[in-house]
Amino acid sequence: MRTTLELSDDVMAVARALAAAKGVSLGTAVSDLARQGIQQRTAPTADVSYSPFPILIGPPGHVVTDDLVAEHRDD
């Protein structure tokens, strides 16, 4: 699919370097980088097999604070 994107200079530099290193087009390199980002968000990376306690893995960057717990404690 053809589209126009506005990328930051640092992202463009990484995409160009990746494209040159792999010998692929810039569009393919950008698609590969986007897929990596999607996979990192959807695949849990924590090894929870050792824990005797249930562990919930939420979305990356979602911080559970004491205030948030207190807000939902009686739900």
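## Confidence

Confidence in the chain is lowest in helix 2, at a mean of 85, and highest in helix 1, at 92. These scores belong to a predicted model. Over the chain, pLDDT averages 83. At least 70 is reached by 87% of the residues.

## Overall build

The chain has three helices and zero strands. Read from the N terminus, the order of elements is α-α-α. Helix 1 covers residues 9-22. Helix 2 covers residues 26-42. Helix 3 covers residues 66-72.

How much of the chain counts as buried? Of its 75 residues, 5% do. The accessible surface comes to about 6,900 Å². Carbon and sulfur atoms account for 55% of that surface.

## Salt bridges

Side chains of opposite charge can pair when their charged atoms come close. Here the count is two salt bridges. One of them joins lysine 22 to aspartate 32, with the closest N and O atoms 3.6 Å apart. This pair links distant parts of the chain. Lysine 22 sits in helix 1 and aspartate 32 in helix 2, ten residues apart. Lysine 22 has a relative accessible area of 47%, so this residue is partly exposed.

Arginine 35 also forms a salt bridge with aspartate 32. Their closest N and O atoms are 3.1 Å apart. Both residues of this pair lie in helix 2. They are three residues apart, about one turn of the helix. Arginine 35 counts as partly exposed because its relative accessibility is 47%, between the limits of 20% and 50%. Which residues make up the network of salt bridges? Lys22, Asp32 and Arg35 are linked in it.

## Between leucine 18 and threonine 28

Threonine 28 belongs to helix 2. Its relative accessibility is 34%, so threonine 28 is partly exposed. How far apart are threonine 28 and leucine 18 in space, C-alpha to C-alpha? The distance is 9.5 Å. In sequence, ten residues separate threonine 28 and leucine 18.

Leucine 5 lies in the segment before helix 1. Is leucine 5 buried or exposed? Leucine 5 is exposed, because its relative accessible area is 56% and exposed means over 50%.

## A negative patch

A patch of negative charge also lies on the surface. Which residues gather there? They are Asp66, Asp67, Glu71, Asp74 and Asp75.

Aspartate 74 is in the segment after helix 3. Its relative accessibility is 76%, so aspartate 74 counts as exposed.

## In brief

The predicted model has three helices and zero strands. Lys22, Asp32 and Arg35 form a network of salt bridges.

Notes. Residues are numbered from 1 along each chain as its sequence is written. This is a predicted model: local features need pLDDT of at least 70, side-chain atom pairs count only at pLDDT 80 or more; totals for chains, interfaces and linings use all residues. Side-chain values use heavy atoms; hydrogens and water are left out. Patches are made of residues with over 30% relative accessible area and no salt bridge: like charges are joined within 9 Å, nonpolar side chains (Val, Leu, Ile, Met, Phe, Trp, Tyr) within 5 Å. Accessible areas come from the Shrake-Rupley method with a 1.4 Å probe; for residues, only the protein chains shown count as cover. A salt bridge is a side-chain nitrogen of Lys or Arg within 4 Å of a carboxyl oxygen of Asp or Glu. Lys and Arg count as positive and Asp and Glu as negative; His and the chain ends are not counted. The place of a charge is taken as NZ of Lys, CZ of Arg, CG of Asp or CD of Glu. Helices (H or I, at least four residues) and strands (E, at least two) are DSSP runs, numbered from the N terminus. Buried means under 20% relative accessible area, exposed over 50%, partly exposed in between (1.4 Å probe, protein chains only). pLDDT is the predictor's confidence in each residue, from 0 to 100.
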